[in-house]
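Subject: Structure handover

Hello,

Here is the structure I said I would pass on. Please look through it first, then read the notes below.

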Amino acid sequence: MRIYVVDAFTDTAFSGNPAGVCLPDAAHAADAAWMQSVAAEMRHAETAFLVPSTRDDADWDLRWFTPAVEVDLCGHATLASAHVLFTEGLAGVDVRFATRSGVLSARRLPEGGIVLDFPMLPPQQVPEPAGLPEILGVPVAAVAGGGGDLLVELKSADAVRGVAPDLDALARLPYRCVVVTAPGEGGTDFVSRVFAPAVGIPEDPVTGSAHCLLAPYWAPRVGRTRLTARQLSERGGAVGVEVLGERVALVGDAVLVLRGELAV
């Protein structure tokens, strides 16, 4: 069984967000407990599992697992999966994935990079959780919800960098992820960081799915539907986004850093 590690949303190894990508054999393809064990062993934010699809509208079935749980949507591990398929000659220019969030597609760009077609997560008005500024350690400008995540706008990119959250308190909030964000700097339209201790990820280095919420949040504020973003984690990463009706295009590079075999 082939397994890979890919750094996603970066063009430089050992930056961006590392994801495992596994191609299980038939005996393991339907074993969710085994996949969860592999993801826990890999210890990346997500490990993706690819199985040839029997559906007419998809080429591969795709599932994502954190070290603790299976998730409904993951951008960086989808980008990593597409990169593996393109790099290993298992897909041409386009590939379609059947997932828990519907059919997602990926396309290799002639100029380099990959564009993903993802569902938009429209921002919704939600109450600010009690004690949120104290939990994050910074003043809060605004909040919104979408897709089970909490978006928290801060006043500046420096404020986003300075967030030092109480992770235990964050994990008790009724949200999958807490996304802190602010206007961008240096030619970037907006910046963010993502914390998801509730699903076993203290801080996610670069989060594609969060940009399905960030893109429609920032597009009307910036006045454009095509934006550039940067996630200000320690590893860092760049994401291009475009709002397309009820969908969001996510654009990023990826680097294959490990190719191996699972023995169990």
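A residue is called buried here when its relative accessible area is under 20%, exposed when it is over 50%, and partly exposed in between (1.4 Å probe, protein chains only). This is a predicted model, in which local features need pLDDT of at least 70 and side-chain atom pairs count only at pLDDT 80 or more, while totals for chains, interfaces and linings use all residues. Residues are numbered from 1 along each chain as its sequence is written, and side-chain values use heavy atoms, with hydrogens and water left out.

Helices (H or I, at least four residues) and strands (E, at least two) are DSSP runs, numbered from the N terminus.

H28

H28 sits in the loop between β2 (17–23) and α1 (32–42). Is H28 buried or exposed? H28 counts as buried because its relative accessible area is 18%, and the limit for that class is under 20%. The side chain of H28 makes a polar contact of 2.6 Å with the side chain of D25. A polar contact is a pair of N or O atoms within 3.5 Å; within protein, one must be able to donate a hydrogen and the other to accept it, and residues adjacent in sequence count only if both atoms are side-chain atoms. Leaving aside residues up to four places away in sequence, H28 touches M1, W34, M35 and V264, where contact means heavy atoms within 4.5 Å.

D7 and its surroundings

D7 is in strand β1 and is buried, because its relative accessibility is 2%. The D7 side chain reaches the backbone nitrogen of F14 at 2.6 Å. Beyond residues up to four places away in sequence, the contacts of D7 include T12, F14, N17, D253 and V257.

D7 also forms a salt bridge with R235, at 3.2 Å from N to O. D7 lies in strand β1 (residues 2–8) and R235 in the loop between β14 (226–231) and β15 (237–244), so the pair ties together parts that are 228 residues apart in sequence. A salt bridge is a side-chain nitrogen of Lys or Arg within 4 Å of a carboxyl oxygen of Asp or Glu. R235 is partly exposed, because its relative accessibility is 30%.

Other salt bridges

How many salt bridges does the structure hold? There are 14 of them. Side chains of opposite charge can pair when their charged atoms come close. One of the pairs is R55 with D57, whose closest N and O atoms are 2.9 Å apart. R55 is partly exposed at a relative accessible area of 41%, and D57 is partly exposed at 35%.

E70 and R63 form another salt bridge, again with the closest N and O atoms 2.9 Å apart. E70 has a relative accessible area of 22% and counts as partly exposed; R63 is partly exposed at 27%. These two residues belong to a network of salt bridges that links R63, E70, D72 and R100.

Helix α2

Helix α2 covers residues 75–87, 13 residues in total. From its first C-alpha to its last, α2 reaches 18 Å, close to the 18 Å expected at 1.5 Å a residue; the expected span is 1.5 Å times one less than the number of residues. How much of α2 is buried? The helix is mostly covered, with 12 of its 13 residues buried. Among them are G75, H76, L79, H83 and F86. After α2 comes G89, which has a positive phi near 75 degrees.

F9 is not a glycine, yet its phi is positive, at about 60 degrees. F9 is in the loop between β1 and β2 and is buried, with a relative accessible area of 1%. R43 is likewise not a glycine and has a positive phi of about 65 degrees. R43 is in the loop between α1 and β3 (47–52) and is exposed, with a relative accessible area of 68%.

A surface patch

F14, V257 and L258 make a nonpolar surface patch of about 310 Å². Patches are made of residues with over 30% relative accessible area and no salt bridge, with like charges joined within 9 Å and nonpolar side chains (Val, Leu, Ile, Met, Phe, Trp, Tyr) within 5 Å. Accessible areas come from the Shrake-Rupley method with a 1.4 Å probe, and for residues only the protein chains shown count as cover. L258 is in strand β17 (residues 254–261) and is partly exposed, because its relative accessibility is 42%.

Regards
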